[in-house]
Amino acid sequence: FEVNEKEDDMLQRRTKVGKAGKKKAQEPPSAVEREVLRILWKLSKEEGLRILKYCHITSAMEVLYGEDGARAVVVLVPYVEMVEYRKIEQELVPKMEEELGAHVVLVQYRRIQRKEKHGKRLLKQKRPMSRSMTAVHNAYLEDIVHPHNVVGRRREYIPHQPVPTHLVFLDPKVKEITASKLIMYREVYKALTKRKSVFDYLVYPNGPEELRQRTPNTVPADGAGFTERVIRPAPLLTEGGAGPGPRFMEEDGEGVGGAG
C-alpha cells in the first residue's frame, strides 16, 4: 500500500483520533490503515457517503486465506460510530472491496476485561457481562456474518485435541450468497479470537422427532424444539369448587393428568 505525502498529515491526524488507548494512539498507522483511511476520505466526497467525513476507525488488519492468496480486510470501528456505518454499509462495502481488491468486514471494536478474582478488584464496579470474553467473541461472530444471522452453535470435542472446535451454522436460505465466503468467515474469526471454527449450514436430518430436537438451534419459533402436547396453566378451582383442575390439556380439551 502507498499513500501520497500530501495526505499523510490528514491520515495521521484521523488515525490518532480513532486509535483506542494512549499507547496505541502514539503508534504510527500501518500501511493497511493508511490505505483504508485514504479510501474512506475519497468516498466521503460522494453524495450518499458524506457522513464518512466525521467517522473514524480504530484499526485495520489484513487476513490472508486460501491457496490462491485471497485477502480480507477487517476494519474495526469505534463502538458509538457503528450505527452510522451500518446505515451506509450496503453502499460502502462494495466500493471499498472494489478499491482494495479484497473482502471488507466491518467489526465493532470491543474491549475484554479479565475476570475479577477474590481480593483483587480490577475496577470500582463489577465487570459488565458485555466485556467478558464469551460476549465479545459472540459479538464478533455476529459482525462478521452481518447482515446474515447465526442460527446454531455447538462445540465439538475431538480426541487428542485440547481445544474444541466451534461449529457455526448459518441459514440454508442464504447459501447461494455466502457459499463462497465460508472460508473467509473462518479465517477472520480465527484472526480476531484465536478460535478454531467450522462454518456450515443448519439442515435438519430426516429422522425421528427426538433426533430433530437435539439438532442445535437458537431460533425459538421453530417447532422442532416443542412437543405436540399443549401445556396450559391449571385453573385455581374446578367447576365444583373442590381442588385444582387438570394441569395438562390436550388440544381437544380432554384432561391428561389430574382430576378428569
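This is a predicted model: local features need pLDDT of at least 70, side-chain atom pairs count only at pLDDT 80 or more; totals for chains, interfaces and linings use all residues.
1. Next comes helix α8, residues 182–193. Its end C-alpha atoms are 16 Å apart, which agrees with the 16 Å that twelve residues should span at 1.5 Å each. Just after α8, Lys194 takes a positive phi of about 65°.

2. Which residues of α8 are buried? They are Leu182, Met184, Tyr185, Val188, Tyr189, Leu192 and Thr193. Seen down the axis of α8, these buried residues fall within an arc of 155°, so they line one face of the helix. As a reminder, residues three or four places apart in an α-helix point the same way, because there are 3.6 residues a turn.

3. Now for the rings: the structure holds two aromatic pairs. In one, Tyr185 and Phe199 have ring centres 5.9 Å apart and planes at 50°, so the pair is tilted. Tyr185 belongs to α8 and Phe199 to strand β6 (residues 197–201), so this pair ties together parts 14 residues apart in sequence.

4. Tyr189 and Phe199 make an edge-to-face pair, with 6.5 Å centre to centre and 85° between the planes. Here too α8 is tied to β6, because Tyr189 lies in the helix and Phe199 in the strand. Both Tyr189 and Phe199 are buried, and Tyr185, Tyr189 and Phe199 form one aromatic cluster.

Definitions and conventions
Residues are numbered from 1 along each chain as its sequence is written. Side-chain values use heavy atoms; hydrogens and water are left out. Helices (H or I, at least four residues) and strands (E, at least two) are DSSP runs, numbered from the N terminus. The expected span of a helix is 1.5 Å times one less than its number of residues. Buried means under 20% relative accessible area, exposed over 50%, partly exposed in between (1.4 Å probe, protein chains only). The arc is that of the directions from the helix axis to the C-beta atoms. Rings of Phe, Tyr and Trp (its six-membered ring) pair if their centres lie within 6.5 Å; planes under 30 degrees apart count as stacked, over 60 as edge-to-face and the rest as tilted.
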